[in-house]
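Please keep the sequence and the 3D view open while reading. This briefing covers charge pairs, surface patches, selected contacts and backbone angles.

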Amino acid sequence: MSALESMLRRRSHSKVGQNAPDHAELLRLVEAAGSVADHSALRPWRLVELRGDVRDRLGEALAEAQGGDVAKMVAKARRAPLLIAIVATYRPSEKVPNWEQEAVASGVAHGLSLLLDEAGWGVFWRTGHQTRHEAVRRMHQLAANEQLLGWLYVGDAPPRRHEKPRKLVNPAHHLTVL
């Protein structure tokens, strides 16, 4: 499948099944996703693999962050068998500002989501204000120079036969010619 076909086909799956890629498959996909454009080759990102009971700890941290029901938040964290936390790791640089380093981390996450989709996995990206809460930061063991950008939830993809055609953007509304 071409990159163009992957982009046009990509869908977020808000419900995924209970199987996920194993660690070895994930390593190969992360290797490919890490090839995104990266000014000065800073590699200002890392990923955190969350499986099994670790997701319960995430649910507890989310409940603390939102003041919500622990059981409800644990259930949300268990909506996929694999969660991949996307972390921007800001490196000191006179040439590359933090926003650009965060863009690289986001590019890795998007590339990884395309690769997971192409490999037949269902994936959706969750974000929210709780990514900035201290309880969630602690749970992910973030350093002072790191920021959590969200999680890719990964599991079996639902069958594609029931999907509605994707509404594409009108490129003329987003591409300016000078």
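The points below are grouped by topic.

This is a predicted model, in which local features need pLDDT of at least 70, side-chain atom pairs count only at pLDDT 80 or more, and totals for chains, interfaces and linings use all residues. Residues are numbered from 1 along each chain as its sequence is written, and side-chain values use heavy atoms, with hydrogens and water left out. The structure holds seven salt bridges. A salt bridge here is a side-chain nitrogen of Lys or Arg within 4 Å of a carboxyl oxygen of Asp or Glu. Helices (DSSP runs of H or I, at least four residues) and strands (DSSP runs of E, at least two) are numbered from the N terminus. Buried means under 20% relative accessible area, exposed over 50%, and partly exposed in between, with a 1.4 Å probe and protein chains only.

**Salt bridges**

- Arg46 pairs with Glu146, and their closest N and O atoms are 2.6 Å apart. This pair links distant parts of the chain: Arg46 sits in strand β1 (residues 45–51) and Glu146 in strand β4 (residues 146–156), 100 residues apart.
- Arg46 counts as partly exposed because its relative accessibility is 28%. Glu146 counts as buried, at 7%.
- Arg78 forms a salt bridge with Asp53, with the closest N and O atoms 3.0 Å apart. Arg78 lies in the loop between α4 (70–77) and β2 (82–89) and Asp53 in the loop between β1 and α3 (54–66), so the pair ties together parts that are 25 residues apart in sequence.
- Arg78 is partly exposed, with 30% relative accessibility. Asp53 is exposed, with a relative accessible area of 56%.
- A network of salt bridges links Asp53, Asp56 and Arg78.
- Arg137 forms a salt bridge with Glu134, with the closest N and O atoms 3.9 Å apart. Arg137 and Glu134 are three residues apart in helix α6 (residues 134–139), so about one helical turn separates them.
- Arg137 counts as buried at 14% relative accessibility, whereas Glu134 counts as partly exposed at 45%.

**Surface patches**

- Patches are made of residues with over 30% relative accessible area and no salt bridge; like charges are joined within 9 Å, and nonpolar side chains (Val, Leu, Ile, Met, Phe, Trp, Tyr) within 5 Å.
- Lys15, Lys72, Lys76, Arg79 and Arg126 form a positive surface patch. Lys and Arg count as positive and Asp and Glu as negative, while His and the chain ends are not counted. The place of a charge is NZ of Lys, CZ of Arg, CG of Asp or CD of Glu.
- Lys15 is in the loop between α1 (3–9) and α2 (23–33). Lys15 counts as exposed because its relative accessible area is 66%.
- A nonpolar surface patch consists of Leu4, Leu8 and Leu168, with about 310 Å² of accessible area together. Accessible areas come from the Shrake-Rupley method with a 1.4 Å probe; for residues, only the protein chains shown count as cover.
- Leu8 belongs to helix α1. Leu8 is partly exposed, with a relative accessible area of 42%.

**Contacts**

- Contact means heavy atoms within 4.5 Å. The contacts given here leave aside neighbours up to four places away in sequence.
- Gln101 is in helix α5 (residues 98–118). Gln101 is buried, at 0% relative accessible area. Gln101 touches Leu42, Pro44, Thr89, Tyr90, Arg91, Ser93 and Val96.
- Val30 lies in helix α2 and is in contact with Trp45, Leu47 and Leu112. Val30 and Met139 are 109 residues apart in sequence and 22 Å apart in space, C-alpha to C-alpha.
- His23 is also placed in helix α2. His23 counts as partly exposed, at 44% relative accessibility. His23 is in contact with Glu49 and Arg51.

**Backbone**

- Most residues other than glycine have a negative phi.
- Ala41 has a positive phi of about 50° although it is not a glycine. Ala41 is found in the loop between α2 and β1.
- Gln141, also not a glycine, has a positive phi near 55°. Gln141 lies in the loop between α6 and β4 and counts as exposed at 62% relative accessibility.
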